[in-house]
Structures are given as C-alpha cells and as structure tokens.
Amino acid sequence: MTRMRPTGDWDGTRLAHEGFVFSADAQVVERVVPFVLEGFRRDEPVLVVAGERVRWLLAEHLGTDLGRLTVFAAAETWWRGGHGTLQAYDRDLRALRATTPSWRLAAEPTWLAREDGREWSRFEAVANRCYDAMPYYSLCLHDARRLPADVLAAVDRSHPLTWSGTAPAPGPAYEDPAAFLRSVQPAWTARPAHAGVATVTAPVQGRRAISAAVPADRRARLGDVVLATHELLANALRVAAFAELATWMDGDTFVVEVSDGGPGLPDETLGYVPPDPERGSGGMWLAWSLADDAAVRSGPAGTAVRLYFGAPFRP
Amino acid sequence: MTVPQGLDAVDQLGPGDHACRSFTGAADLAAAVVPFLDQGRRRDEQLLLVGPARSALLTALAALPHRDELLADGRLDLQVTGDSYSAGGVLAPHEQVERYRRATQAALDGGRTGLRVAADVTELLRGGRSGRRLLHAYEQLADELMGTLPLTALCLYDASVGPDALGPVAVLHPLQSLGDRPALAHLSGRGPVLSLHGEVDLTEAAYVATALVDVAGEVPGEVVLDLSDLAFLDVAGARALAGAARELAGRGTSLRLTGASHGVRRCLDLFGLDPSGPGGERA
C-alpha cells in the first residue's frame, strides 16, 4: 500500500489550494486527521474552520491534540457576504504571514449551501491568483450531502488540486480564474435603447450624473450606487480622456454601466482581490462589494463594467 | 457653512467670509480687488490691500471709486507682502494672526464697522515646502480668527504657481474660486476640532492630506478630525487620509477620526482607519 502524503510535494513556500469533496464521515477523518498531524510534526500553525459535524469528528479523533490547533472555529458564524468574509480572512492571512513562515488551514465554507453564499466560488477562484505567494496549504472541505451539484462542480473548477486518495493531484476540471469569473457573471445582454447615457470627463461630474439617474424608489442605497459608480469612473478616467455612463432598469434591477476606450482593467479579477492597505487601488473591490453583482467585458474596443443593484434594496 | 462654496461675486462677501481666489494677470487681480474693496467702503469698513509692490497695488486700484480720498484719510492702507507678513524673512503664523486681530480691533475703535483685507500672498507659496507649511498653518489660524471678528478676507494667489501649490491652501478656505476647478473640499478649524466638509475624491485627496498634515502637525498629542459634514470620500481620499495619519504619527501627533457616515466608513475601513476607535488607526 502506498504511504499517504497529506500535502504531497508542497514545500511551504507558496499557496497550495485543494478542493476536497466528501460524502461520508470516514472520508473526512482519513483526509483531515493526517493533514493536521503532519502540520504538528512540522511545527506549522494548523487552523481549522469548519461546520459542526467536521469539528465534532476532529474533536473525537484528535483527542487531547485538539488543543494544539492554533484556531478551531465554527464556520457557521463566519459568513458576512463574500467581500466581508474575505476581507476579514485577508486580515488574518496578513497577520499570520507577518509572524510565521508557513501554515496550514482546513476550511469548510459551509455557507456555499446558502443561496447568497454561492458567490464564494468566485473568491475561491481568484484566491489562486491573489494569494499565490502566501505560504500556506488551504484544504477546502465540501460535504456532497449538503451542497448542490453546480456548487460541487464550481469546487472542481476553482481548486487547482484535488485528492487522489494518497496525495494531492492536479484537478482535471480546474479553470483559469478570469475564465471562471466570466462563466458565472450575469449574461452580457445588449444595452437597451431606453438606457440613459452620459459622457463623463471628471469624477465629480459623474457623481452628479449618477445621483440624478438613480430612480426615486431606489434612493435608499443612493450612497452605495454613487460610491461604486465613482470608483469605476475614476478607474476609467485614469486611462481614458472620457468614459460613458449608462443606466437602466432591467426588471427589478438597476444596472449601471461604465465603459471606456482605454485598455481597461488590467486584471478582470480585481473586483474580488482584497485591497492591500499599503498599495494597490481597492476601488474595484469596493465597487464590487457595494453592488449585488458585477460583470466585465473587455476587448480591443475598450472595457465595460456593469454593476447590478437588485430589489429589494437593503434599508 | 457645511460645504465649500464657489465664489461667484467678490462683492457679496461679508464679515466672517474667508475666500481664496486665483488670478491670471494684473487685470484679473484688479477685477477681484476693486469690487471687493468697494463693497467694504460701502459698509464703512477699514480697507487693506496687500501685494508684492506698492506701485502695482495702486495700479490695481485705479478703478476703485474714491481711491485717493480713502488713502488720504487712512481708510485704505496699502502694504507690501514682505513687510506685512514676514518681517523677519519668515512667516510667523501666530504673530500674523495676532496682528490682524489688533488691526480689526483698531478699526472698530476708530469707528469703522470692521476690517476688510485683500492680500496677494503668492510670494508665501514660493517659500518651498517649509514656507508652505507655515502658510497652511497660518491660513487655518486666520480662518479661525475670521469666525470670531468682523473681518473679511480675500486671499489672492497667482494661478501660475500651479494646481499642486494652490490645492492645499485652497482647501483651507470656506470659499474657493480657482478658475475651472470646482470647490469640493474644505478643511476647517472653526469649532472645537478640525473638520472636513464637502467631498474628498482623487482630485483633492493629496491637497487635503497636505493641508491636514501641516495644520494638525502644529499640535502635539491627539488631533480630532470630525467627518460628520463630509458628504463623500472615495478610496483615493481614504488612502490619502491614512497616509496623513501615518505621517502625523511619525511626528508624534495621533489623528482621531469621528463622525464618519456609512459610505465614508466603507472607504476608511479598507485602510484600517477606524473612525470610532481611539487613535484613529488600527495596526
């Protein structure tokens, strides 16, 4: 029998990101317990954030070793929307990186079972790019008994590694993060003829225009709409002399589109990358987090970004 | 006044007003100072015009009604910038503000209704970074003074110094007129704490940060910046405030932010700036 190697050839210098799908308690124990114990042997901080069942199984099998975990937390209370959850996670990662050369995490994003938690797959995809240099092994646990098929398919598409039975192995369904995002963003329909359109050359002018364009029954979120739109316009006006601002209602959803003829977003994943307080823009992250959904179309003619503000608006 | 205002007509200014206006050329300067001072004459205020050279000041006032009478009976004074602002070669903010306080009192004692000053202080912007630091500290102290006395001031700056030099000094004025640039942000020292008014976006962020560092850096210990009248802050503005907080911390001044609205807080949060916590900045 081949000897199990819980992290394979991972050398602790950069991110390893595995999507592990289980459908029985025994599979969790066989995968996670050796992963944890290997971390203890290597003197790596080991963090576990998981649902109640996984935590109970680990508690039973680790016994007194449970106290050696750096973090042993309930995943149920972690969800604050995709951006809020990742921003908190990002702070923890930076703190760890400042204090330890490498660490490992077993995480069960139980919120993927919620309707509003499914956007987490996008953050999982983008993590492969923005956390590439973070020296940790992220073992992501998914319960096939609780999660729908499309969420499980997204797990395979957003994790470069899968579990072979004895070691991590490249996942055959893994996709480039930008391609994954394009496949899950709202369909890019033609801009309707009745859309309001303005040409914007200065951010303050754009703020006045979007303020006036928000329909009367949507003004509860006026501040969010103006700030998100401003950040898109500010980004567009960095590379182009003018930008076009278009707004319309699509059913119950207020749509804002900002387009320009410049090279546009150098990286379509930016809306899912937590801002680095020391550098980087952060504007795209904020715009995406204020909107209910976002879509990007980039091409030789320029870049267009759409933000969707659905009904009912949050008070 | 909660929002910085553009300056449509200089002859509308009254006691407590503190305006910044850029000018391009002698004719534009005259177009600003003549109606401003003439309004003061109608209000029976003591008048003062400050600029780099006396002869140029006389020329600028050629169209002022009763100019020579006003000069002859002492109701209008002309002063050269170097003499009135930096007798020792360097602007002394507190002393200069004290001089205006006394001049206003003297005007009242002499039966005038107040003091009205138009000052071309472009020279003070040419004193390098250290000179500008003093000028920024001075403009803030002067603004505080104007909140308490019947004093009206029009600060004039030659537009040729460029927007980066004009930006920080302009945001220290409640009224701003800078060519095409809209008045967006105002950093005020009137009131118990510093306060930011209007909108701070990427076009104003660096100016506000510079003005804030120069004004708050005068005070050791903790400086409170009230954001409750700040209607809009973007990510660039929040980054600039975070930079200002770091720079102030390096000088021993801790910046505490208060009163941020929901939207302003969203941006501050990206940079670890906590508007409710003491010290203003989380590690």
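**Helix packing and the chain contact**

H8(A) passes H9(A) in a left-handed crossing, where left-handed means that the near helix is turned anticlockwise from the far one by less than a right angle. Helices here are DSSP runs of H or I of at least four residues, and strands are runs of E of at least two, numbered from the N terminus. This is a predicted model, in which local features need pLDDT of at least 70 and side-chain atom pairs pLDDT 80 or more, while totals for chains, interfaces and linings use all residues. Residues are numbered from 1 along each chain as its sequence is written, with chains lettered from A and ligands numbered from 1 in the order written.

The two helices, residues 222–239 and 283–290 of chain A, pack at about 145 degrees with axes 9 Å apart; axes are lines fitted to C-alpha atoms over the stretch in contact, and angles run from 0 to 180 degrees between N-to-C directions. Among the residues making the contact are A:Leu227 and A:Leu232 of H8(A), and A:Met284 and A:Leu286 of H9(A). Contact requires C-beta atoms, placed from the backbone, within 7 Å.

Next, chain B against chain A. The contact takes 16 residues from chain B and 14 from chain A. Helices H10 (235–250) and H11 (262–270) of chain B each supply at least two residues of the chain B side. H11(B) gives the most, with 5 residues.

Last, chain B itself. What follows H1(B)? The residue is B:Asp44, with a positive phi near 60 degrees.

Terms used:
Contact = placed C-beta atoms within 7 Å.
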